[in-house]
Amino acid sequence: MTCAALIVAAGRGTRAGGDMPKQWQALAGARVIDWTLSAFRAAPEIDHIIIVLHPDDIKSYIAPDGIDVTAGGATRAASVRAGLEALEARGITRVLVHDVARPCVTPSLIARVIAALEHGPAAAPAVPVSDALWTVEDARVTGTRDRTGLYRAQTPQGFHFDTILAAHRAHAAENKPDPADDVAVARAAGLDVMVLPGDETNLKITHPPDFKRAEAQLRGAMDIRIGNGYDVHRFGPGDHVMLCGVKIPHERGLQGHSDADVGLHALCDAIYGALAEGDIGRHFPPSDPQWKGMESHVFLRHAVQLASEKGYKISNLDITLVCEHPKIGPHSAQMQAALAQITGLEAGRISVKATTSERLGFTGREEGIAALATAALVAS
Ligand code: MG
């Protein structure tokens, strides 16, 4: 199977406002067309991408490497057909036709459309209409319509390549009015079109406010936060240390107000840092006797919970412990498992590393243990 994406970007639509067609307008730091392309480039099932542009735009557009460009026609159907004809000799077996004005399309929706083509010649996403439907004249409601069985069509619409090319050729030969989309062309050719659930977020930029909605979607997907944390505790009397939630026998203990788990404290600070929520001392002041001797997993659970309340999920955690002794290597898997249990993350998203400081400095003299941590959070 060789799968192509055909991006229709030949329109001159101005309903979206601005002084240029919407595909060239800026959206969340890039152009509409760039966002749409990047979604298809991120889909591993797509082998080939072709963009159909207005003839006036072809010269000025510099396509990213590996992406073809061809000139569209006078109508949307003519533009799609031009793209299909340009793909004909390339051994394509599946094609997804997508409107450039849907820049919030996701690689997962793309994958679902392609998967549906295993079961039939045509498949397209759609969302059931949930609002009441009215007819309106002169800003007055003149009637209601039954919404039963009504769906809002989306793209990408997927087809077996030879089938949709033949359907478009037949449509052009018959000189019919411009169809609403490629599903209409397919149905006119007698094809069965399977409907799969669309995404509410896969909106089409048509009117000026749609830019704001699309921008919120795209910025949300990009909202990644990084935080770092650093902590030190000094050795004192004792027979064990707590490190990353694991009790390790040692000839000395770590001193601190709580259980002095330097690893967990650094991780807390990394998460608080990513959230711009200060540090562990702000949330659990050492002056407050209720935290005395507290097991530090309570602090880390608080940091994780705060991230979740603020709309973020933790993508990964990375921690480095700095000490000569105890040796961390034999305990690192257990620490990883303990951190997974405390945070609810899968173990594969938690890294526990250690280093010595080559006998230099306070860690080298074994006066204490230092820990550095990094947390990456993504908007959920
Ligand atoms: Mg500490």
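Predicted model: local features only at pLDDT ≥ 70, side-chain atom pairs only at ≥ 80, totals over all residues.

Visitor: How do you know that the span of helix H10 agrees with its number of residues?

Guide: H10 covers residues 297–309, which is 13 residues. At 1.5 Å a residue they should span 18 Å. The end C-alpha atoms are 18 Å apart, so the two values agree.

Visitor: What puts the buried residues of H10 on the same side?

Guide: The buried residues are Phe 299, Leu 300, Ala 303, Val 304, Leu 306 and Ala 307. They cover an arc of only 160° around the axis, so they share a side of H10. In an α-helix there are 3.6 residues a turn, so residues three or four places apart point the same way. The partners they pack against include helix H8 (262–274), strand E17 (312–322) and helix H11 (332–343).

Visitor: Why is His 265 called buried?

Guide: Buried means under 20% relative accessible area. His 265 has 6%, so the label holds. His 265 lies in helix H8. Beyond its neighbours within four places in sequence, its contacts include Asp 231, His 233, Ser 296 and Phe 299.

Visitor: How do you know that the buried residues of H3 line one face?

Guide: The buried set is Arg 76, Ala 77, Ser 79, Val 80, Gly 83, Leu 84 and Leu 87. Down the axis of H3 they fall within an arc of 165°, so they line one face of the helix. Their cover includes E1, strand E4 (48–53) and helix H5 (161–174). H3 has 12 residues and reaches 17 Å from first C-alpha to last, close to the 16 Å expected.

Visitor: Which residues are the closest to the centre of the largest pocket?

Guide: The largest pocket holds about 670 Å³ of space. Of its 31 lining residues, Gly 11, Lys 22, Arg 76, Asp 99 and Lys 204 are the closest to the centre. Strand E1 (3–9) and helix H3 (76–87) each supply at least two residues of the lining.

Key: Residues numbered from 1 in each chain as written. Heavy atoms only, no water. Helix = DSSP H or I, 4+ residues; strand = E, 2+ residues; numbered from the N terminus. Expected span 1.5 Å × (residues − 1). Buried < 20%, exposed > 50% of the residue type's maximum accessible area, 1.4 Å probe, protein only. Arc of directions from axis to C-beta. Contact = heavy atoms within 4.5 Å. 1 Å grid on protein atoms, 1.4 Å probe; cavity = no way out; pocket = protein on both sides within 12 Å on 5 of 7 lines; lining within 4 Å. Points joined across faces, edges and corners; volume = space filled by probe spheres on them.
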